[in-house]
Amino acid sequence: MTVDADLQQRAAELVDRAEIARNQGDYRAGAALARQAADLAAAVRDDQLHAAALRVHAVHSVRLGDHEQAVRSTELAAQLLSGGGDDRALCKVQTVQALAYTKLGLYDEALRALSTGLDIAERVEEPELLFWVFNRIGGVHGFLGDYRQGKAFLTRALDLARTDLDDESVFCILNNLSDNAVGLVKELRAAGDPTAAENALGDGLSYAKDALVLARSAQHPYRESMCLGNFGTLLTLAGEYDEATEMLKVSGKLGAENGYKSLELAALQGIATVHLEQGRTAEAIAILGTVLEMASEPNEKTTIMVVHQQLASAYEARGDAATALRHYRTYHEAERSVYSAMAETRARLLTNRFELDNARLEAERARLEAALHRVRREELEQEKLAWQAEAREDQLTGLWNRRYQDEELARLVGAATAGNRPLCVAVGDVDRFKGINDHFGHPVGDEVLKRLAGILRGGSRPDDLVTRMGGEEFCLAFPDTDLPAARDICERLRAAVQTYDWGALRPGLAVTISLGVARLAPGSTATQVLDAADAQLYRAKRHGRNRVEPVQRTFAFVVPDPTA
């Protein structure tokens, strides 16, 4: 056996051992084993084995609360698998990455990863891959507060798990459904629908009971602790306070004994909630104070924020307004800190992706230089970049051109449909542009288009698509944006065009723009939503120009409940 073959075998054995540790709930040992496996696989340049080790390492990192590291591991794993033909492995990486992004609160990034995973799962038609994608999509919707949509996806995953998959998969989806039920019950009660709330509570308790049986059968302490936490929370909602407290105590004990700090803290918060429900505010306050003392890690900022909110409510119930106000203020400060931390995390991860991309490009360049004997490498690269820019950019304004618009808009529509996210498209047209050309000359008309492009680009968000469709017509696409917000953006852009100092370009010059906006309807194509926006543009023209016209009816994506 060669040295490389021996290292490959050792790496594969380490990955297997890391999986065994995961099934036993020993995530620290599993993470160390997976890290060793990744290093060995990298040494022998076995990209698939390296990616597999990184994926397993990411799973352990999520359970240990190191979600940022999990994203880094999956980013590198995805790069190693890109173009390699192993779509199944890539889909698994995307679902783990989505879980890590969800835990970080970066839901857009999670849905983008899941969109890629869903494309693969549907193409290969593998139930296990579809299960994990539906499971993670349902989880994201739950974190976003859309519990009904979350349950729809989770229920589809449950059907797949019970038909084709193992007990671990069934446990996972049952536990997630019980967790989703907590939010759904609260939402239905707040909406004044007690019957539906009780039905949801009954379903949640049933899911939690079945999940607990599977967790204990597998002798998996992490799963048992997590499941007991959800079970105890649901029992609290049911008013079964003694039984809820006992379950939460066992959950916290398992967390403390096995180093699952996040589960230990969650259990303590759950017990405090029970005490608050029973009016035992002094005991609740003492427990919440303990949680604050324990929550010292950077990834526990959300826990700290929620605890201050609970303490504010507890002191308010006791009539201690001054202390309640102090905790409310601390809660809002913590909330700002959480959002700031999310932004910093997003920036770090983008930097990490940039560095990975740079490393990959450098490796590709080195291989290409060796293959071409270093002949004209820089010249060829520049020619390639220039051709790409010419093919996709509008030469006059520097905006994306119609060719790029067609490609990108189709991608945005696909992502919005797969992730059940809103997407709005606007079409704008310079009012009476022919008159500008006729009166001031075509050079002035060209300068108007350049400056107008700058206004549209400068007034749009980084993720928005801004293109020149041709002539004096422009297109804008707003991902993850509902129609009222898209219309507001367009109104700001319209006003910016109108109030721009056009007279500085030529005395007497005035420029306005009309825009039509439409939201993507279920099942629609890029062409159809563009046509809808165009129709609204003509309506704006007919109604006097220099205005924004939205469509008159909006659409909301609704995933049918397969159990209905």
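1. The strands S2-S3-S1-S4-S5, in that order, form an open sheet of 5 strands with mixed pairing; two strands pair if DSSP finds at least two bridges between them. Helices (H or I, at least four residues) and strands (E, at least two) are DSSP runs, numbered from the N terminus. At the edges stand S2 (465-470) and S5 (548-550), each of which pairs on one side only. From one strand to the next the twist averages 20 degrees.

2. This is a predicted model, in which local features need pLDDT of at least 70 and side-chain atom pairs count only at pLDDT 80 or more, whereas totals for chains, interfaces and linings use all residues. Residues are numbered from 1 along each chain as its sequence is written, and side-chain values use heavy atoms, with hydrogens and water left out.

3. Strands S4 (residues 513-519) and S5 run parallel and are joined by 3 bridges. Leu515 stands opposite Val548 in S5.

4. Two helices lie across strands of the sheet. Helix H20 (residues 442-458) lies across S1 (423-430), S2, S3 (473-479) and S4, at about 10 degrees to S3. Helix H21 (residues 483-499) lies across S1, S3, S4 and S5, at about 170 degrees to S4. Axes are lines fitted to C-alpha atoms, for helices over the stretch in contact (heavy atoms within 4.5 Å), and angles run from 0 to 180 degrees between N-to-C directions.

5. Elsewhere, helices H3 (residues 47-63) and H5 (residues 87-104) pack at about 25 degrees, with axes 10 Å apart. They are therefore roughly parallel to each other (angles under 35 degrees).

Note on methods:
Angles under 35 degrees count as roughly parallel, over 145 as roughly antiparallel, 65 to 115 as roughly perpendicular and the rest as oblique.
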